[in-house]
Amino acid sequence: MRILKDAGDLAGKKVLVRDDFNITIDKSGKILDDFRIKASLPTIEYLLENRAKIILMSHLGRPDGKVVEELRLDLVAKRLSELLNRPVKKLPESVGGEVKREINGIQSGEIILLENIQFNPGEKENDSDFAKALASYADIFLMDAFGQSHRSYASIVGINNFLPSYAGLLLQKEVDVLSRALNSPDRPLAVVIGGAKISTKMKLIEEYLKKADNVILGGALANTVLAAKGLAIGASLVEADILPEVKKFDLTNTKLHIPLDVLVSQDREGKNGIKVTSAGNVQAGEIILDVGPETERMFDTIIKESKMVVWNGPMGLFEVEKFSAGTKAMAESIAACPDCFSIVGGGETTCFLEKLGIIDKFDHVSTGGGAMLEFLAGDKLPGIVALE
Ligand code: ADP
Ligand code: MG
């Protein structure tokens, strides 16, 4: 992979950076989670120090090729400007005459942010004219959006055909750390996988049942494993169509750890009360919404003995406070683990950790959800391949 340091002298050069500024904004327009913006700063600061002319681009949300007013990048520009303590000029579009004029006038050390690139249908279609138009604004392309590196979009893989391209510092760090987990992990290695759907994490589970010392499953995806083992799961979320595939796993593998006890309720808000029950004793109509205390202790014991932990996906329906204990306990176990290297990723998971105020305790917080899962499963990511 070609990296930023290989790009040579950047003074006076126009450098176009693909960032992942896909932040969480609530309905009132408040930024809930700006950690992806913060993670992008080292590359931008490097470009400032090296007197480059800086042009940034990103998507936000899913505008599906149309202009969506709430998904403009003005809030991103404002936060970025606050964090850098210097102006960031946001343009009203990502390609076109005005963009060209503004970029013609850019000076070294100035920062321009293009409008949400997914307003243009050419982005997701990997349209080569769109990629070429983006490329025409710069001398060098830097890919720093690790969280999008599994996508074959114009600003991820198309643009490389038209400009010398390098990995930014964030992408480089992600690849370094995750390669370590993939190829030469510290042992014992524990991989903790939670969240909603086992279908999106099958390959990862399969890989790490071979590669890791322990695989811990929690969250709704563990329901499908409980069901595959023949246990009743009441009215819990389950992916019935994946059951046959899950049954092919060696479910007696001693590396595999699934909930021993669970929190159940009759409804997803826990309005009619919640109770702890053993995993084999879930009644018809009951919904599993979190792991139970015995499971928390079992998981904690495994984490404590680990030298490296990789975590993706919550242990329960953590958005409801009553069902957040399992995820909180996991976060605390990993944060307290005396000498293990911890890696965490996933949109929901990292947002929760930030809210808990515990995110600084993790050694590597990946900006990728899907991209991290694919990377760790050993897949080649197109945005990274394009830099090789
Ligand atoms: P991440 O974004 O961190 O990768 P996922 O997207 O895979 O995580 O899954 C997160 C979602 O899984 C959360 O919205 C959470 O509420 C849901 N979830 C986890 N456990 C359960 C459960 N037992 N029942 C219902 N939903 C669950
Ligand atoms: Mg998610």
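The model is predicted: local features need pLDDT of at least 70, side-chain atom pairs count only at pLDDT 80 or more, and totals for chains, interfaces and linings use all residues. Residues are numbered from 1 along each chain as its sequence is written, chains are lettered from A and ligands numbered from 1 in written order, and side-chain values use heavy atoms, without hydrogens or water.

Two packed helices are described by the angle between their axes and the distance between the axes. Let us begin with helix H1 (residues 35–49) and helix H2 (residues 74–84), which pack at about 60° with axes 11 Å apart. Axes here are lines fitted to C-alpha atoms, for helices over the stretch in contact, with angles from 0 to 180 degrees between N-to-C directions. H1 and H2 are therefore oblique to each other (under 35 degrees counts as roughly parallel, over 145 as roughly antiparallel, 65 to 115 as roughly perpendicular and the rest as oblique). On the H1 side, Ile37, Lys38, Leu41, Ile44, Glu45 and Leu48 make the contact, and on the H2 side Val76, Arg79, Leu80, Leu83 and Leu84 (contact means heavy atoms within 4.5 Å). These residues divide into 8 nonpolar, no polar and 3 charged.

A pocket is an open set of points on a 1 Å grid where a 1.4 Å probe fits, with protein on both sides within 12 Å along at least five of seven lines, and lining residues have an atom within 4 Å of a point. Of its 15 lining residues, Phe35, Lys38, Ala39, Lys173 and Val365 lie nearest the centre. The lining comprises 8 nonpolar, 2 polar and 5 charged residues.

Now turn to helix H11 (residues 293–304) and helix H12 (residues 325–336), whose axes come within 9 Å and cross at roughly 20°. That makes H11 roughly parallel to H12. Glu296, Phe299, Asp300 and Ile303 of H11 meet Ala325, Gly326, Ala329, Met330, Ser333 and Ile334 of H12.

H12 has another partner in helix H13 (residues 347–356): their axes come within 11 Å and cross at roughly 75°. H12 and H13 are therefore roughly perpendicular to each other. Here Thr327, Lys328 and Ala331 of H12 touch Phe352, Leu353 and Leu356 of H13.

Terms used:
Helices (H or I, at least four residues) and strands (E, at least two) are DSSP runs, numbered from the N terminus. Ala, Val, Leu, Ile, Met, Phe, Trp, Tyr, Cys and Pro count as nonpolar, Asp, Glu, Lys and Arg as charged, and the others, Gly among them, as polar.
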